[in-house]
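Have a look at the model, then read on.

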Amino acid sequence: MAWPPHLPPPDPQLVRTLTEQQEKLRQQVVLQKPDFDLKLLAGCDSSFIGENILSVFVVLTYPELELVEKVWHYGPVEMPYIPGFLAFREAPNLVQAYGKLERTPDLIMVDGHGIAHPRRLGIASQLGVLLNKPTMGVAKKVLTGKFEEPASVKGSITPLTHRQEHIGNVIRTKDKVKPVFVSPGHLMDLETTTALALQTSLKHKLPEPTRLADHYAEVFKAEVG
């Protein structure tokens, strides 16, 4: 990935270390038809505030999608920004936020990518491995891969491919609104990920779990500001 010209170059040793850690985590990712009875569905999102990060988890009942819990954790970002390694900035704080939940979700929907990542380890995959939980990614923008724009009606889907590999789907979750990019994170498959993203997209572009996590990230920002 291209290095932003306005930033100082990263420490080569740090990049080597992160690359090794990323590869070890990637090797632990398991893609499979999920083995759960889905009753509680979590959504999570992070927001950077200066040199700090705010991470939010919400928990909804499934299939009713009623909000039953919301927690947040705010702390310093321990690592500099390096393209391709954003998950290493987000994951530690997300893990701390997850630890505050009283309920244990069966699945976590992450605002970000799963395997639809240049090295197949987006934040949803990394978080899934770290927590040993089923995860799926729902992102607003593409990170890697090629796709054709899906038709403008809700429910339209096109494949996201990278080097002949089907790494995700591009889903129109609302008529005439930009699509979302979904991919399995860990202990999930693309078919179930796609179905759940559509099922949980009600009136808005984003599925309810990540939409509410995004909403409460803005609400809680006021508390830490």
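This is a predicted model: local features need pLDDT of at least 70, side-chain atom pairs count only at pLDDT 80 or more; totals for chains, interfaces and linings use all residues.

Two strands count as paired if DSSP finds at least two bridges between them. Helices (H or I, at least four residues) and strands (E, at least two) are DSSP runs, numbered from the N terminus. Residues are numbered from 1 along each chain as its sequence is written, and side-chain values use heavy atoms, leaving out hydrogens and water.

**The β2-β3 pair**
- Strand β2 (residues 52-61) runs antiparallel to β3, with nine bridges.
- F57 has V71 in β3 as its bridge partner, and V56 has W72.
- Five residues separate the strands in this hairpin, where L65 takes a positive phi near 60 degrees.

- Eight strands form an open sheet with mixed pairing, in the order β3-β2-β1-β4-β5-β8-β7-β6.
- β3 (67-76) and β6 (157-162) are the edges, each with a single partner strand, so one side of each has no neighbour in the sheet.
- From one strand to the next, the twist averages 25 degrees.

**Helices on the sheet**
- Helix α2 (residues 86-98) touches β1 (40-49), β2, β3 and β4 (107-111), where contact means heavy atoms within 4.5 Å.
- The direction of α2 makes about 55 degrees with that of β2; axes are lines fitted to C-alpha atoms, for helices over the stretch in contact, and angles run from 0 to 180 degrees between N-to-C directions.
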